[in-house]
Amino acid sequence: MAATEPVPRVLKVLVIHGYRQSAKSSREKTGSFRKGLKKYLDLVYFTAPNKLPAVSVTDENSREEYGWWFSKRQNSLSFNAHEQSEIDPGHEASVELIKKTFIEQGPFDGLLGFSQGATMAAHICALREQEETPFQFKFAILCAGFKSRSTAHQKYYNRPITCPVLHVYGDTDQVIPKEMSLELEELFTDSTVLNHPGGHYLPATATERKVYQQFLDRFRT
């Protein structure tokens, strides 16, 4: 009898959401992506440890927005991907939470990061290079990522990052312009690119789904 071919695995992937999001909102925003790749991916959602400051009492009760770090302390903590910064409050707590999630909910095959979350995922990819790292995974998908303008993050960019990555960015992204994503892409030695015509979102049409599938097939055996 001929040996049967092994069934490709469903890959377990940790989702690192965008700024002003949470596990709940990230799951909602990635619904089409998740459904289109359900035979490929098991997505695990969690929320960043840094809650955005409320601007009013009403806002305090209703707002469920979080970030991975902040770039400014003036008046209250805030974040802008375009501004130069000497600080990164919240970043260390985020690394520790991701480490804790790896230990408690892993192992994971990969990471999926969006916007600020994609940059956070890129930093985890850099930490993956270290000896005795807790971050053991095979690949990352970085959508609308950027090279952080915080001087505290330069240490993540001092050497090439070998983790295989699919970089996703849009021609009309007004939040993270394509040029900023290209700066991040240059840091990686094993890059695949999905350049779509849209804006600041994770694309999930049939055309883009084929690119995701081809990339993910590398890691399913």
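Is Gly198 buried or exposed? In this predicted model, Gly198 is buried: its relative accessible area is 10%, and buried means under 20%.

**Gly198 and its surroundings**

- Gly198 lies in the loop that runs between strand 8 and helix 7 (206–216).
- When its neighbours within four places in sequence are left aside, Gly198 is in contact with Gly170, Asp171, Thr172 and Asp173.

**The buried face of helix 6**

- Helix 6 covers residues 178–185, and its buried residues are Met180, Ser181, Leu184 and Glu185.
- Viewed down the axis of helix 6, these buried residues fall within an arc of 145°, so they line one face of the helix.
- In general, an α-helix has 3.6 residues a turn, so residues three or four places apart point the same way.

**The largest pocket**

- The volume of the largest pocket is about 230 Å³.
- Its lining is formed by Ala126, Leu127, Glu129, Gln130, Lys155, Tyr156, Asn158, Arg159, Pro160 and Ile161.
- By type, the lining residues of the largest pocket divide into 5 nonpolar, 2 polar and 3 charged.

Terms used: Residues numbered from 1 in each chain as written. Predicted model: local features only at pLDDT ≥ 70, side-chain atom pairs only at ≥ 80, totals over all residues. Heavy atoms only, no water. Buried < 20%, exposed > 50% of the residue type's maximum accessible area, 1.4 Å probe, protein only. Helix = DSSP H or I, 4+ residues; strand = E, 2+ residues; numbered from the N terminus. Arc of directions from axis to C-beta. Contact = heavy atoms within 4.5 Å. 1 Å grid on protein atoms, 1.4 Å probe; cavity = no way out; pocket = protein on both sides within 12 Å on 5 of 7 lines; lining within 4 Å. Points joined across faces, edges and corners; volume = space filled by probe spheres on them. Nonpolar A, V, L, I, M, F, W, Y, C, P; charged D, E, K, R; others polar.
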